[in-house]
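Reader: I would like to learn how to read the features of a model such as this one, taking them one at a time. Could you show me the structure and then go through it with me?

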Amino acid sequence: MSASDLARLRQGAYRLIGAGFAPPQPDRSELIVGSIPVLADLGLFDYSFSLYLVDYARALAADDPGELAPAYMALFEVGAGGAACSPAESAWLAGPNSSEVAVILSDLRRSYLRYGLRPSDSRSESIDHATVEFDVMASLCGIEAEQRAAGRPVTRTVGHQIEFLDNHLGRWLPLLTKAVVRHNGHPTYTALALAAHALVIHDQELLALIDEQEPSSP
Amino acid sequence: MTQILLCSDHQTPAVGQHVRVVGGLCYDPYALASLPDGTQHLVIGLHRDDADKSMFQSSMRRIGLDPLGVGVVDLNGITDQRALTATLAGAVARTEAFPGATPEQAKLAPGGRVSRRGLLSAAAPISIGAPSIDTETCVADQGCRACVTACPVDALTWNGGSVSYDKTICVACGICVTTCPVGAVVNPTVTFQAIEAQIAALIGAYGEPVGIRYQCRGAPQARHQEGWLNVEVPCTGMLTAGWLLAPPAMGAAATDAIPCGESGCPLGNDDRIASTVADARAILEALGWDKDRVGRDSVASFAPQPPPSATGGRIFGPGMEHRVISRLASMVQTDSAAASLESTPLGTVAIDPATCTACRMCAQICPTDALHSSVTDDIVIDFDPRLCVACGQCLNMCPEIDRGAITMSMRFDLAAWARGRMEVRRDPVPRCESCGKPIAPSAMLERITSMLGPEYSATAALLNTRCLDCRGR
């Protein structure tokens, strides 16, 4: 497998998880389940997070689409005093002071601009929603894949990925995962949270090794 | 159900399991396309020591199994049926005891035989088991930092009440697992339960007296030798005297430890291994066993002999040294043996009443409750040598350590174990003349009085007669 393929695989994995955190739709579920063989061709099973990704896809495939939407709502959107497990960074890293939410969102906006990314106007999610943050990682992996395929340097892009995981996704996702597992609301979403956690943990380690080979900072 | 897959070169063993021969498995891991329904565990027997680990792991994940829980054994060089059967039985037992791994317990390592630099250009990285810390069980909040001190690569850091772990530095040697006094550090690929299950199965299936050799995961190739069976560990530096003595206590004829290379342990654990072996031999000798049942150089020189009959009961686990030695002693029916040790986690604590101020900090920090204190009219500190794991936290915490208030020696003494918990310090606690509440240990008051000197005699008098609440009145 080439380094470019690995970046493509990671791009696909992040995209898949990001889609999982979006409100459920039958088409989307089919797309997620159908993407596993594509990722397998890119070498998915070479990596330990594959087990969790397949578990999630299997749970999703076995689900009754009619049941998934209420489960999503109950877990991620509504509940007494707010969502039981809000899939948004500010819900986990901001304190009771609303200005802290603003700081997080502003920091994210600056990061996205620095990475050359801009959330699509058609997206309804907040910029700190798991779907968006996983999509950001997917986009950065996609940029890396193109750079590698073209023989261009990737150090800056890899650095952005490390920074984003360390400062954002990697900081709050473990908290969300614990909450989802503890809540034990729906097997598909428990599998999704575990898959997301496994991917991020694996990627942090993988990026550290890549960075050791190709240092992203002087 | 546990499925055993063998490359076709091997004779099918009669181990009472579901055995299938898969032609060319050693060369083509993807021949492992599916497993029968109901398969929960898998053991693969190969005859190549250079099989592509990365491809094997990938093929296992493809069929839905976590490679960390699959037993892969190198059967290269095993020619007799009995050793083959026992080796597979051991692998089955260890595999069935696999507790499952969390994402945190999988660590990336270079795949195949390439350097770390080959990560992106050659074989995909493989997963190896890495430790995680169960914060519910960990007693770092009591001051314990045994794992931090033992880690040879500084992957564990003390944060004043908790331990943080850096997986990118960790080499997964397993030393923290065997050092933790309470079993809070867990590596799913080398648990106490799995190792005990494997050794018991090896001994049981072999049928005749057999030697058990712990072999470093990094060793280039298992040297199969008649009369010996291998148990793979991440690093032989993780072994304690208890681990070396457990096989004889379970009925094995002998134990050995095979480090990973001619040039010694790359983690610098050679001295540690040598001292562990020396301790194990000293313990055997003190108990009246033949000390040559344990030793790194014993492979060639020592022919395994039948042990005295073994008794049952679980022995692997935190603080296992006491259980192993007690069992070895009972097997030769001795109750009076003692020996000084170099590094084995068996401690004997002594407190000097002339310098100890009875502050009880030693008892409060003790992670295993070997030192324990109670307060009635007197402060009493007692000590149970059967629980002491020589972690040294009592020494670190003692404010009077420079005056020799507490000392610890590494030794075992069956007579002391038989006596059990004994009082090691008693000090009266004067009561407040005003309200009757306890003030402080008299030794502590004396120490403070002497430090204050005669010019503060009025303060000292108040200190000795009034409790903290009544001093200002």
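**Reading chain B**

Author: Let us begin with a pair of helices: helix H5 (residues 192-206) of chain B and helix H6 (residues 241-250) of chain B pack at an angle of about 40 degrees, and their axes are 10 Å apart. This is a predicted model, in which local features need pLDDT of at least 70, side-chain atom pairs count only at pLDDT 80 or more, and totals for chains, interfaces and linings use all residues. Residues are numbered from 1 along each chain as its sequence is written, while chains are lettered from A and ligands numbered from 1 in the order in which they are written.

Reader: What counts as a helix or a strand here, and how are the axes and angles defined?

Author: Helices (H or I, at least four residues) and strands (E, at least two) are DSSP runs, numbered from the N terminus. Axes are lines fitted to C-alpha atoms, for helices over the stretch in contact, and angles run from 0 to 180 degrees between N-to-C directions.

Reader: Which word describes the way H5(B) and H6(B) lie to each other?

Author: Angles under 35 degrees count as roughly parallel, over 145 as roughly antiparallel, 65 to 115 as roughly perpendicular and the rest as oblique. H5(B) and H6(B) are therefore oblique to each other. The handedness of a crossing is a separate matter: it is left-handed if the near helix is turned anticlockwise from the far one by less than a right angle, and right-handed if clockwise. Here H5(B) passes H6(B) in a right-handed crossing.

Reader: Which residues make the contact between H5(B) and H6(B)?

Author: Two residues are in contact if their C-beta atoms, placed from the backbone, lie within 7 Å. On the side of H5(B) the contact is made by B:Ile199, B:Ala200 and B:Ile203, and on the side of H6(B) by B:Ala246, B:Pro247 and B:Met250. For residue classes, Ala, Val, Leu, Ile, Met, Phe, Trp, Tyr, Cys and Pro count as nonpolar, Asp, Glu, Lys and Arg as charged, and the others, Gly among them, as polar. By that division, the contact of H5(B) with H6(B) has six nonpolar residues, no polar and no charged.

Reader: How should I read a sheet, and in what order do the strands E1 to E4 of chain B stand?

Author: Strands of a sheet pair through backbone hydrogen bonds, either parallel or antiparallel. Two strands are taken as paired if DSSP finds at least two bridges between them. In chain B, four strands form an open sheet in the order E2-E1-E3-E4, with parallel pairing. E2 and strand E4 (71-74) of chain B stand at the edges, each with a single partner strand, so one side of each is left without a neighbour in the sheet. From one strand to the next, the twist averages 20 degrees.

Reader: How many bridges join strand E1 of chain B to E2(B) and to E3(B)?

Author: Strand E1 (residues 2-7) of chain B is joined by five bridges to strand E3 (residues 41-46) of chain B, and five bridges also join E1(B) to strand E2 (residues 18-22) of chain B. Towards E3(B), B:Leu5 has B:Ile44 as its bridge partner, and B:Thr2 has B:His41. Towards E2(B), the bridge partner of B:Leu6 is B:Val21.

Reader: Is B:Ala358, with its positive phi, buried or exposed?

Author: A residue is buried if 20 or more other C-beta atoms lie within 10 Å of its own, exposed if 12 or fewer, and partly exposed in between, with C-beta atoms placed from the backbone. B:Ala358 is buried, with 27 other C-beta atoms within 10 Å, and its phi is near 60 degrees, a positive value in a residue other than glycine. B:Asp154 also has a positive phi, of about 60 degrees, although it is not a glycine, and with 10 C-beta neighbours inside 10 Å B:Asp154 counts as exposed.
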